[in-house]
Amino acid sequence: MMIDTHCHLDEYENIDEIIKHMGNNIIIVSGVDDKTNKQVIELINKYPNIYGVIGIHPEEIDNINSNSFKIIEENINNPKIVGIGEIGLDYHFIKDNKIKQQEIFIKQIELANKYKKTIVIHSRDSINDTYNILKKYLNTKAVIHCYSSSLEMAHKFIKLNIKLGIGGVVTFKNSKILKEVVENISLDNLLLETDSPYLSPEPLRGKINEPYNIIYVAKKIAKLKNISLEEVLNRTTVNAIEQFDLPIEL
Ligand code: NI
């Protein structure tokens, strides 16, 4: 079995086909705002092998209102909602609302802890602030989605018991630092993800990504760690089940 722990499924025209391609494998779909959070709820109700996380992405915080948190809280106890995400900090394009981003991030961390849910973190050009906030919430179950920072930083997150989501970037020729992270961090701390429809792995780079393509991410991790593909799939599946409390028996 394999589990794509992070993707977005709101833009596909052939969604049935994409999900069918995953067979009995598991998908955790992520919302980013009111509209996509509602779509996550629809998807988990429709497809047995799809679970969801809902939350407000840092790039969407100007489009939210008090109802946005209500949507999250009203659905958080749905057994197929397994976390709050994707949430976090993004200083890449927008730098003038850092404080507001941090407030919304913290509010959602507190919400996750209140309901004992895992958080899925987006961090772009903001890794130090992300770390400093998480350090204050030590009992939070968390995944850094599409981890792309240094090995040193990876060790710091792992000390906080935070898992790292590894996606298609690890297959890219220029991803030297991420390869170093994967080689040196125990498989126990890694999760597989695609971030579909973005970040297609080699050899499909440039095409629309889909959850099934985590097989390429898994193959690359197996190669980098010099272990079997089966070991990568088995271990990361167990990690995902534990991290998101998925009601799945192997
Ligand atoms: Ni994402």
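These legends go with a few close-up views of a predicted model. Local features are taken only where pLDDT is at least 70 and side-chain atom pairs only at pLDDT 80 or more, while totals for chains, interfaces and linings use all residues. Numbering runs from 1 along each chain as its sequence is written, and side-chain values use heavy atoms, with hydrogens and water left out.

View 1. Helices here are DSSP runs of H or I with at least four residues, and strands are runs of E with at least two, numbered from the N terminus. Gln101 has 1% relative accessibility, so it counts as buried (under 20% relative accessible area; exposed is over 50%, partly exposed in between, with a 1.4 Å probe and protein chains only). Look for its contacts (heavy atoms within 4.5 Å): beyond the neighbours within four places in sequence, Gln101 meets Pro58, Ile61, Gly88, Leu89, Asp90, Tyr91 and Ile94. Leu89 is 12 residues away in sequence, yet the C-alpha atoms of Gln101 and Leu89 are 6.1 Å apart. The Gln101 side chain also gets to the backbone nitrogen of Asp90, at 2.7 Å.

**View 2. An aromatic cluster of Tyr131, Tyr147 and Phe157, linked by ring pairs.** Rings of Phe, Tyr and Trp (its six-membered ring) pair when their centres lie within 6.5 Å; planes under 30 degrees apart are stacked, over 60 edge-to-face, and the rest tilted. The whole structure has two such pairs. In one, Tyr131 and Phe157 sit edge-to-face, 5.6 Å centre to centre with 80 degrees between the planes. Tyr131 belongs to helix α5 (residues 127–134) and Phe157 to helix α6, so this pair ties together parts 26 residues apart in sequence. Phe157 is buried because its relative accessibility is 0%. Tyr147 and Phe157 have ring centres 6.4 Å apart and planes at 80 degrees, so they are edge-to-face too. With Tyr147 in the loop between β6 and α6, that pair joins parts 10 residues apart in sequence.

**View 3. Ser149 in the loop between β6 (142–144) and α6 (151–159).** Ser149 counts as buried because its relative accessibility is 16%. Skipping residues up to four places away in sequence, Ser149 touches Ile127, Ile177 and Val181.

**View 4. Charges over rings: Lys98 with Tyr91, and Arg205 with Phe172.** The criterion is NZ of Lys or CZ of Arg within 6 Å of the ring centre and within 35 degrees of the ring normal. The charged end of Lys98 is 4.5 Å from the centre of the Tyr91 ring. For Arg205 over the face of Phe172, the distance to the ring centre is 3.5 Å.

Methods:
A polar contact is a pair of N or O atoms within 3.5 Å; within protein, one must be able to donate a hydrogen and the other to accept it, and residues adjacent in sequence count only if both atoms are side-chain atoms.
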